[in-house]
Amino acid sequence: MTSVASCLLLSALLFAIGLAGALMRRNAILVLIGIELMLNAANLNFIAFWRYGPNPEALTGMMFVIFSIGVAAAEAAVGLALIISLYRHAKTINIDEVNSMRG
Amino acid sequence: MLFAIFAILTVAGAVAAMSLRNLVHSVLVLTVAFAGLAAVYLQLGAQFIGFAQILVYVGAVAILIVFAILLTREATATPRSILADSWKESALVVLVVFGVLAWAIHKSAASRNIVPPQPEATMQQIGSALMLRFALPLEIIGVLLTVALIGAVTIAMQDRQETR
């Protein structure tokens, strides 16, 4: 049974998994992967509402996903560059050890 | 039925990606999760998005993450735990977020409506929508990608320039 509710439930599950990875893992790269998963969950919501919502011929949900994929690609590139820079600076990507700005 | 298989594949891939200790393995199963999501898109009738998902995520983002993992491989022994220090509070936050989302989906009117017929989304429609109605956002995305790529290269190269 494919319905909007099952799509939304899959998306909520993906979002929760991504959030768990972003909050609970020690490694900065895994945090970035978690953020990517959360963005993908949001994209799935857009596609589900485009498919089951009114006026699908306007293609707004689809357009939003195309732009969202573009922004996510830019975010991944900048985020990984920041992680590489962090690794050069602190010699670690363990986010529990990068606490030099703690007050 | 097909949807359930792809959904299980996606969720299993995502869970494995978030819980494996070896980062390279974790990226490999992450590509499985992205591919499963692309199959879900295809099944929902969004062909273009499904193939774009495979191209961008399975192709580019996964390779990018593998490069970052190999460039930041830690020389010291692996830490005692893969979980951050505050993982208990984080798990509580995750459970609350998922509970609220699932409750909202269960309660909403969206879970009771009928399934409309499959909408049409041909390449021609997508192309004319991108070139006419969404031309300005398309230009802005182009500028954003250029700026982000230049910025990423600048950030990643900064240290090397300073040492010279």
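Start by selecting helix α2 of chain A (residues 28–52) together with helix α2 of chain B (residues 23–43): their axes come within 11 Å and cross at roughly 5°. That angle makes α2(A) roughly parallel to α2(B). This is a predicted model, where local features need pLDDT of at least 70 and side-chain atom pairs count only at pLDDT 80 or more, while totals for chains, interfaces and linings use all residues. For your selections, residues are numbered from 1 along each chain as its sequence is written, and chains are lettered from A and ligands numbered from 1 in the order in which they are written.

A few terms for the tour. Helices (H or I, at least four residues) and strands (E, at least two) are DSSP runs, numbered from the N terminus. Axes are lines fitted to C-alpha atoms, for helices over the stretch in contact, with angles running from 0 to 180 degrees between N-to-C directions. Under 35 degrees counts as roughly parallel, over 145 as roughly antiparallel, 65 to 115 as roughly perpendicular, and the rest as oblique.

Now show side chains on that first pair. From α2(A), pick I29(A), L30(A), I33(A), N40(A), L44(A) and I47(A); they meet L23(B), S26(B), L30(B), L37(B), V40(B) and Y41(B) of α2(B). Contact here has C-beta atoms, placed from the backbone, within 7 Å. By class the contact holds 10 nonpolar, two polar and no charged residues (Ala, Val, Leu, Ile, Met, Phe, Trp, Tyr, Cys and Pro are nonpolar; Asp, Glu, Lys and Arg charged; the others, Gly among them, polar).

Next, the α1 helices. α1(A) and α1(B) pack at about 5°, axes 9 Å apart, and are therefore roughly parallel to each other. Colour S6(A), L10(A), L13(A), L14(A), I17(A), A20(A) and G21(A) on one side, and F3(B), A7(B), T10(B), V11(B), A14(B), V15(B) and M18(B) on the other.

Which element of chain A gives the most to the side that touches chain B? Select α3(A), with 22 residues there. The elements giving two or more residues to that side are α1 (4–24), α2 and α3 (60–90) of chain A. By class, that side has 45 nonpolar, 12 polar and seven charged residues.

Now hide chain B. Chain A has three helices and zero strands, and its C-alpha atoms fill a box of roughly 50 × 25 × 25 Å along the principal axes. The radius of gyration of chain A is 17 Å, well over the 13 Å the globule rule gives for 103 residues, so chain A is more spread out than a compact globule. That radius is taken over C-alpha atoms, and the rule is 2.2 Å times the number of residues to the power 0.38.

Last stop: chain B's domains, 1–73 for domain 1 and 122–164 for domain 2, with bounds from an automatic or database domain assignment. Their centres, taken over C-alpha atoms, are 22 Å apart.

Definitions and conventions: Two residues are in contact if their C-beta atoms, placed from the backbone, lie within 7 Å.
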